[in-house]
Amino acid sequence: MPLFSRTRSDGVSRPRPRAVWAAAITGVVLVVLVVVGVLLPILGLIGAADGATVGALNVPVGSIIAALLVGYILALLLLLGCVRSRNGALSWVLAVAAVISALVVSLWPLLAVAIAGVDQASDIGPFIQDLIGRVTGN
């Protein structure tokens, strides 16, 4: 019998504790709520802002997609670890970590667009000074 076998010496596998299933189900539900309640409204807000400015707002789509992929793959792996664990406390820690990962990565698009907007706004000052210089003939 392998050293890290999941079966007892009599060949019967031990069922997972209820705490493991409770943590896994709670984690999955909360991650889905974060996607529906946080990520989708933020993406809608960014899309509306980009549409209202007729594309003048530089949206860092590549970094947003990369961050979302990494964060949600991490959350998925943490939830998978939560289900595979046989320790209730460890399952709860993994479930909470998955929800935190989903929440942080769901807020990233808002921060990324804000940073891009500030960078874009800082480019406006020299443009306006140049325009004033041209108009006044300096």
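Me: A polar contact is a pair of N or O atoms within 3.5 Å; within protein, one must be able to donate a hydrogen and the other to accept it, and residues adjacent in sequence count only if both atoms are side-chain atoms. At the start of helix 3, which backbone nitrogen does a side-chain oxygen of N87 reach?

Reply: This is a predicted model, where local features need pLDDT of at least 70, side-chain atom pairs count only at pLDDT 80 or more, and totals for chains, interfaces and linings use all residues. Residues are numbered from 1 along each chain as its sequence is written, and side-chain values use heavy atoms, leaving out hydrogens and water. Helices are DSSP runs (H or I, at least four residues), numbered from the N terminus. At the start of helix 3, the N87 oxygen comes to within 3.0 Å of the backbone nitrogen of A89.

Me: How far apart are the end C-alpha atoms of helix 3?

Reply: The expected span is 1.5 Å times one less than the number of residues. Helix 3 has 35 residues, so it should span 51 Å. The end C-alpha atoms agree with this, being apart by 51 Å.

Me: At which residue does helix 3 bend?

Reply: A bend is the angle between axes fitted to the seven residues ending at a residue and the seven starting there. In helix 3 this angle is about 30°. The proline P109 follows within four residues of the bend, which is at W108.

Me: Is S91 buried or exposed?

Reply: S91 lies in helix 3. Buried means under 20% relative accessible area, exposed over 50%, and partly exposed in between (1.4 Å probe, protein chains only). S91 has a relative accessible area of 0%, so it is buried.

Me: Which residue's backbone oxygen lies 3.0 Å from a polar side-chain atom of S91?

Reply: Contact means heavy atoms within 4.5 Å. Not counting residues up to four places away in sequence, S91 touches V20, A23, C82 and S85. The backbone oxygen 3.0 Å from a polar atom of the S91 side chain belongs to C82.

Me: Against which helices do the buried residues of helix 2 pack?

Reply: The buried residues of helix 2 include I64, A67, L68 and Y72. Leaving aside neighbours within four places in sequence, V105 is in contact with A67, L68, G71 and Y72. V105 itself is found in helix 3. The buried residues of helix 2 pack against helix 1 and helix 3.

Me: What is the relative accessibility of I64?

Reply: I64 lies in helix 2. Leaving aside neighbours within four places in sequence, I64 is in contact with V59, W108, P109, A112 and V113. I64 counts as buried because its relative accessibility is 6%.

How values were computed: Helix = DSSP H or I, 4+ residues; strand = E, 2+ residues; numbered from the N terminus.
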